[in-house]
Amino acid sequence: MNRLVKAAFLVGTLATLTAAAPAWAQFAKPEAAVEYRQSAFTLIGNHMGRIKAQLDGGKTSLDAIRSSAALIDALKTLPFEAFVEGSGDVADSAAKPEIWTEREKFDKRAKEMQEKVTLLNAAARTGDLVAIRTAFGDTGKACKNCHEDYKKKK
Ligand code: HEC
């Protein structure tokens, strides 16, 4: 085979492999998917806490709120890439099995949260504290909305 034919063959094989790979293949094993989503949620939760501390404290730093809001905005889709098939029954996970039987509803909850986070980040940029408080409250509600249905209480 000449080099070009070989290269074309290789690309073809790779494309087939990618198409045939199951969704969880981006993670080495289901445990890795659980760890990934929990890590992303931990960061999001940590920065929600930091914003709350700023809103509750006497001296409010807009810079701190802005940097946390921007981070949450950047992270907001990440956990949901890791709710892959077959990762529902990992012992260490608090994900309820209904996530995989009511996927549309779960995805809708995720989208609602992401929309609120977009608004929170926009409010943080304007620096309007009233708008930030409202958007922060709405975001928190959107988190809770999903947790009530789809996260096991530990
Ligand atoms: C669409 C559903 C959904 C939304 C929206 C959601 N979560 Fe979660 N969250 C989950 C599920 C399910 C788990 C359990 C994941 C697991 O253990 O596999 C979880 C776990 C967590 C954890 C625990 C992570 C760990 O280390 O075990 C934190 C913290 C968290 N979420 C924070 C948040 C915050 C803050 C928001 C809102 C900004 C949010 N979540 C929005 C479904 C959601």
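Which residues in helix 3 meet helix 5, and which residues in helix 5 do they meet? The close-ups below, all from a predicted model, start with that contact.

**View 1. Helix 3 against helix 5.** From helix 3, the residues are Leu-62, Ile-65, Arg-66, Ala-69, Ala-70, Ile-72 and Asp-73, and they meet Val-117, Thr-118, Leu-120, Asn-121, Ala-124, Arg-125 and Thr-126 in helix 5. Sorted by class, this contact has eight nonpolar, three polar and three charged residues. Helix 3 spans residues 62–75 and helix 5 spans residues 103–126, and the two pack with their axes 9 Å apart at an angle of about 155°. The pair is therefore roughly antiparallel, because angles over 145 degrees count as such. The crossing here is left-handed.

**View 2. Helix 2 against helix 3.** Helix 2 and helix 3 form a left-handed crossing. On the helix 2 side, look for Leu-43, Ile-44, His-47, Met-48, Arg-50, Ile-51, Gln-54 and Leu-55; they meet Ala-64, Ile-65, Ser-68, Ala-69, Leu-71, Ile-72 and Leu-75 in helix 3. The classes in this contact are 11 nonpolar, three polar and one charged.

**View 3. A salt bridge within helix 2.** Asp-56 and Lys-52 join their side chains in a salt bridge, at 2.6 Å from N to O. Both residues belong to helix 2 (residues 30–56), where they sit four residues apart, about one turn of the helix. Across the whole structure, a search finds nine salt bridges.

**View 4. Helix 5 against helix 6.** The axes of helix 5 and helix 6 come within 8 Å and cross at roughly 165°. This pair is therefore roughly antiparallel, and its crossing is left-handed. Helix 5 contributes Lys-105, Phe-106, Arg-109, Glu-112, Met-113, Lys-116, Val-117, Leu-119, Leu-120, Ala-123 and Ala-124, while helix 6 brings Ala-131, Ile-132, Ala-135, Phe-136, Asp-138, Thr-139, Ala-142, Asn-145, Cys-146, Asp-149 and Tyr-150. By class, the residues of this contact are 14 nonpolar, two polar and six charged.

**View 5. The iron atom of the ligand and His-147.** Stay with helix 6 (residues 129–150) to find His-147. Its NE2 atom lies 2.0 Å from the iron atom of the ligand, and His-147 is the only protein donor of that iron.

Methods
Residues numbered from 1 in each chain as written. Predicted model: local features only at pLDDT ≥ 70, side-chain atom pairs only at ≥ 80, totals over all residues. Heavy atoms only, no water. Axes fitted to C-alpha atoms, helices over the stretch in contact; angles between N-to-C directions. Parallel < 35°, antiparallel > 145°, perpendicular 65-115°, else oblique. Left-handed = near helix turned anticlockwise from the far one by under 90°. Contact = heavy atoms within 4.5 Å. Nonpolar A, V, L, I, M, F, W, Y, C, P; charged D, E, K, R; others polar. Donors = N, O, S within 2.8 Å, 3.2 Å for Na, K, Ca; no water. Salt bridge = Lys/Arg side-chain N within 4 Å of Asp/Glu carboxyl O.
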